[in-house]
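Dear colleague,

Please find the structure below, together with some notes on what came out of looking through it.

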Amino acid sequence: MNKSIDELIESLNSDDEFIIEQSMGMLEMQADEAIDPLISALSSRKKNIKINAAKLLGLMGNPKAIDALIVTLRDNNKLVRREASTALSRLGDDAVDPLIGILEDEDWRVRGAAAWALGSLNNEKAIEPLEALLEDESAFVSSGAKNAISNIKKGE
């Protein structure tokens, strides 16, 4: 029996790891049709759906997901925010400007997630905006900025 994309997304909330892995594989194979429903799934009330949707969007590498993943950095759940940040770090240069754009966000969790993601993107354009965060009141943000700058300079 073939499941619809919506049914596959709903199974991302399963307690069975095998079902989750199988659903993720099927969604990845249908990336073109699944991208919009996965972006919508980032707004789910179910933490596991959001985490797995963010993971898949990062693996798919479609820049269409960037704005929704940026919004997801504001999620109340730490694991959801972490997966959104990781997904953004996989989206390459297309994610650099949107991430730089939120380095001045009022929420330290958003600034920190953006800094950590930028560290994986190795784009020199981010160094100067990250340097402004080295004295941030949040240790998470300042250490993320320091780490990111170091990673970017190593990659030069």
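The largest share of the lining of the largest pocket, 5 residues, is supplied by α6, where helices are DSSP runs of H or I of at least four residues, numbered from the N terminus. This is a predicted model, in which local features need pLDDT of at least 70 and side-chain atom pairs count only at pLDDT 80 or more, while totals for chains, interfaces and linings use all residues. Residues are numbered from 1 along each chain as its sequence is written, and side-chain values use heavy atoms, with hydrogens and water left out.

The pocket lining consists of K78, R81, R82, S85, T86, W108, R109, A113, W116 and F140 (on a 1 Å grid over the protein atoms alone, a pocket is an open set of points where a 1.4 Å probe fits, with protein on both sides within 12 Å along at least five of seven lines, and lining residues have an atom within 4 Å of a point). Two or more of these residues come from each of α6 (78–89) and α8 (108–121).

Turning to helix α3 (residues 31–41), its buried residues are A34, I35, L38, I39 and A41, buried meaning under 20% relative accessible area and exposed over 50%, with a 1.4 Å probe and protein chains only. They lie on the same side of α3 because they cover an arc of only 145 degrees around the axis, taken from the directions from the helix axis to the C-beta atoms. The face turned away from that buried side carries the exposed residues E33 and S40. The cover over the buried residues includes α1 (5–10), α2 (17–29), α4 (47–60) and α5 (66–72), contact meaning heavy atoms within 4.5 Å.

Best wishes
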